[in-house]
Amino acid sequence: MTSIHIAAEVGEISERVLLPGDPVRAKIIAENFLTDVHQYTAIRNIFGFTGFYKGERVSVQATGMGVPSISIYLHELIEVFGARKLIRVGTCGGMSESVNLRDVIIAQGSSTDSSIVNQVFNGAVNFSLLPDFNLLRTAANVADELKLPVKVGNVICVDLFYNDYDDPNGTFGDGKRTLNDKLRRHGVLAVEMESAALYLHTAAANVQALGIFTVSDDLWRGEHCTTSERESSFNDMIRIALETIIR
Ligand code: HPA
């Protein structure tokens, strides 16, 4: 074991890594999309696999949920195992009327209520959390080629899954507009919980990253995907991510 949370030897993990939050999804991706797969870690039941996609070596590492958890895996993947291209494949909540269940969203930027940006910059700047432009461009092109519609825009990365952003009497509410209303007005498409860490840490390490998400919950209409709906739209997102990561 060469890092605290990932029981792999250096060299067992590809420079190209897909990052689902859920360990079971990591297993499903490895089993259904990769060949010659081997599992390199199961510490805390947070699984990681390396295999091949169209002849290229790709790893799939689960990250758990939220900024602190993904931050640990990002650090070890990049600093210990040499990851250089990281694509998060996760779920998100649709924020606005234009976003529907099962849509695939590419995060062109990440806004956040997490303190991690301030921890790095000491409040001196509101650092823009951005993906790698080449990965973003490639993913948009791949989606076009595969004829899989995607929406590209800003997402909000939150620390609290259960928050009161839609409550007019919540911490932000002034009786007129909730925080979610404001975010919608500013074009935020979706809410999730890891992109800020992904874009911050990869910027600092000068490695490439992108977040792609499937809408599993619709905060606007109050709807949720069924398990089978989740799976089929999840597969579209994985195809886009894998085609992007090998280019
Ligand atoms: N909130 C935050 N993260 C999420 C959600 C949500 O509604 N759905 C999927 N990830």
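**View A. R102 sits in the loop between strand 5 and strand 6 (104-112).** Welcome to a predicted model, in which local features need pLDDT of at least 70 and side-chain atom pairs count only at pLDDT 80 or more, while totals for chains, interfaces and linings use all residues. Residues are numbered from 1 along each chain as its sequence is written, and side-chain values use heavy atoms, with hydrogens and water left out. Although R102 is not a glycine, its phi is positive, about 80 degrees. R102 has a relative accessible area of 38% and is therefore partly exposed (buried means under 20%, exposed over 50%, and partly exposed in between, using a 1.4 Å probe and protein chains only). Helices (H or I, at least four residues) and strands (E, at least two) are DSSP runs, numbered from the N terminus.

**View B. R44 lies in the loop between strand 2 and strand 3.** Here is another residue that is not a glycine and yet has a positive phi, of about 60 degrees for R44. With 67% relative accessibility, R44 counts as exposed.

**View C. Helix 1 (residues 23-33) crosses helix 7 (residues 227-245) at roughly 65 degrees.** The two axes come within 12 Å; axes are lines fitted to C-alpha atoms, for helices over the stretch in contact, and angles run from 0 to 180 degrees between N-to-C directions. Helix 1 and helix 7 are therefore roughly perpendicular to each other (65 to 115 degrees; under 35 counts as roughly parallel, over 145 as roughly antiparallel and the rest as oblique). From helix 1, R25, I29 and F33 make the contact, and they meet R230, F234, N235, I238, R239 and L242 of helix 7 (contact means heavy atoms within 4.5 Å). Sorted by class, this contact has five nonpolar, one polar and three charged residues. Ala, Val, Leu, Ile, Met, Phe, Trp, Tyr, Cys and Pro count as nonpolar, Asp, Glu, Lys and Arg as charged, and the others, Gly among them, as polar.

**View D. Helix 1 has a buried side and a face turned away from it.** P23, R25, A26, I29, A30 and F33 are buried in helix 1. These residues cover an arc of only 160 degrees around the axis, so they lie on the same side of helix 1; the arc is that of the directions from the helix axis to the C-beta atoms. The cover over the buried residues includes strand 1 (16-19), strand 2 (35-41), strand 3 (48-53), strand 4 (56-61), strand 5 (85-94) and helix 7. On the face turned away, look for the exposed residues E31 and N32.

**View E. Helix 2 (residues 67-80) packs with helix 6 at an angle of about 25 degrees.** Their axes are 9 Å apart, and helix 2 and helix 6 are therefore roughly parallel to each other. The crossing of helix 2 and helix 6 is right-handed. V67, I70, S71, L74, I78 and E79 in helix 2 touch A197, L198, H201, T202 and A205 in helix 6. By class, that contact has seven nonpolar, three polar and one charged residues.

**View F. Helix 6 (residues 195-205) has several buried residues.** They are S195, A196, A197, L198, Y199, L200 and T202. N206 follows helix 6 and has a positive phi, near 55 degrees.

Definitions and conventions:
Left-handed = near helix turned anticlockwise from the far one by under 90°.
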